[in-house]
Amino acid sequence: PKMGTVRRTWRRAGGKRCFPSVGLCVGVVCVVIASGYSCNAEKSNSRSKQSRQECVQSHDIAPLKDGMALVYNNKDEEASKWFSDKCYNGTVGEMKDNCACFYWAFRAHSTANRTKEASQALDTALVLAPKDAKLRSLKGEILARKEDFLKAAEEFKLAAEYQDPDGEDAEENLMKHWYNAATAFVQLGMAEEALEMFAKVVETKEGAKKWAVYNSIGLLHYDLGQYAEARVAYAQALELESDQTAVLRN
């Protein structure tokens with residue numbers, strides 16, 4: 001989603017102090033399914049040996065083609081059932097060790113509005129591939145929708161840490177991870193932590209081009225009573241978009 005315009009003031013939504021500046025990349029409103037995955041020590045040790053950086057790998061896709069076809073053809077219930085049969089959890093299903101199966105199960109269950117199954121699939125995928133940036137980002141998005149912003153911020157920070165710098169759209173993804181972490185902290189009223197994350201956003205090539213990010217930085221400094229820093233940030237925003245009324249009002 002594209003970053004939107006920034007309002008000058010904070011607002012309240014659901015009793016929380018919200019910062020509508022550029023909206024969380026997963027939604028502008030104050031935004032998982034976090035049912036934990038448990039296993040005994042023996043299973044945990046076994047899985048740790050199988051852990052890998054990326055969940056979805058090419059050699060794991062072929063066995064999933066029928067289920068993926070159901071997802072692509074919008075056969076939501078059939079797709080959900082197919083993946084439940086193949087990889088229900090970490091101990092049940094013929095593909096219980098196939099991380100890609102759980103990723104696609106998450107997608108299928110989510111589309112079919114099976115929240116519990118989707119949560120279980122994502123959590124199991126994270127057990128198999130704990131350093132997958134995309135999975136961490138998905139976890140963060142879901143936590144944010146549940147308004148568990150602190151845990152969401154931590155997931156987005158992990159996503160940024162694990163982002164493959166050579167991966168597809170790596171720079172843009174890195175910017176989004178830091179931006180989402182910043183916005184989660186904003187929702188909590190943790191301005192200093194949000195500023196730390198926004199600083200990482202503008203270190204990326206994509207983030208440095210976003211006037212709205214600098215405007216957000218300015219608003220946070222203003223809220224902290226740091227008026228000189230706020231003016232600097234507003235000036236940087238105007239260098240990118242000189243006619244933005246949202247910035248000029250500040």
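1. Confidence. The chain of this predicted model has an average pLDDT of 81, and 76% of its residues score at least 70. Confidence is lowest in strand β1 (residues 11–13), where the mean is 35. At the other end of the scale stands helix α8 (residues 149–162), with the highest value, 97.

2. Over residues 1–51 the pLDDT stays under 50.

3. Overall composition. The secondary structure consists of 13 helices and two strands. Of the 250 residues in the chain, 46% are buried. The chain exposes about 12700 Å², and carbon and sulfur atoms supply 47% of that area.

4. The largest pocket. This pocket has a volume of about 680 Å³. Its lining comprises 25 residues, and those nearest its centre are Asp-132, Ala-133, Lys-134, Gln-163 and Asn-173. Three helices, α5 (99–111), α7 (133–145) and α9 (170–187), each supply at least two lining residues. Which helix gives the largest share of the lining? That helix is α7, with six residues. By class, the lining of the largest pocket holds ten nonpolar, seven polar and eight charged residues.

5. The largest cavity. The space in the largest cavity is about 30 Å³. Its lining is formed by Ser-84, Cys-87, Tyr-88, His-109, Glu-117, Gln-120 and Ala-121. Helix α6 (residues 115–128) provides the largest share, three residues. The lining of this cavity divides into three nonpolar residues, three polar residues and one charged residue.

6. Thr-204. This residue lies in the loop between α10 (191–201) and α11 (211–223). Is Thr-204 buried or exposed? Thr-204 is classed as buried because its relative accessible area is 4%, which is under the 20% limit. Apart from neighbours within four places in sequence, Thr-204 has contacts with Glu-171, Leu-174 and Met-175. Helix α9, which spans residues 170–187, also contributes to the lining of the largest pocket.

7. Leu-126. Helix α6 contains Leu-126, and this helix also gives the largest share of the cavity lining. Leu-126 has a relative accessibility of 8% and therefore counts as buried, the limit being under 20%. Beyond four places in sequence, its contacts are with Leu-135, Arg-136 and Lys-139. Leu-126 and Glu-54 are 72 residues apart in sequence, and their C-alpha atoms are 9.9 Å apart in space.

8. Val-56. The position of Val-56 is in the loop between α1 (41–50) and α2 (58–61). Val-56 is partly exposed because its relative accessible area is 32%, a value between the limits of 20% and 50%. Setting aside residues up to four places away in sequence, Val-56 touches Ile-61, Ala-100, Tyr-103 and Asp-132. One of these, Asp-132, is among the residues nearest the centre of the largest pocket. Val-56 and Asn-98 are 42 residues apart along the chain, with 8.7 Å between their C-alpha atoms.

Notes. Residues are numbered from 1 along each chain as its sequence is written. This is a predicted model: local features need pLDDT of at least 70, side-chain atom pairs count only at pLDDT 80 or more; totals for chains, interfaces and linings use all residues. Side-chain values use heavy atoms; hydrogens and water are left out. pLDDT is the predictor's confidence in each residue, from 0 to 100. Helices (H or I, at least four residues) and strands (E, at least two) are DSSP runs, numbered from the N terminus. Contact means heavy atoms within 4.5 Å. Buried means under 20% relative accessible area, exposed over 50%, partly exposed in between (1.4 Å probe, protein chains only). Accessible areas come from the Shrake-Rupley method with a 1.4 Å probe; for residues, only the protein chains shown count as cover. On a 1 Å grid over the protein atoms alone, a cavity is a set of points where a 1.4 Å probe fits but cannot get out, and a pocket is an open set with protein on both sides within 12 Å along at least five of seven lines; lining residues have an atom within 4 Å of a point. Grid points are joined across faces, edges and corners, and a volume is the space filled by probe spheres set on the points. Ala, Val, Leu, Ile, Met, Phe, Trp, Tyr, Cys and Pro count as nonpolar, Asp, Glu, Lys and Arg as charged, and the others, Gly among them, as polar.
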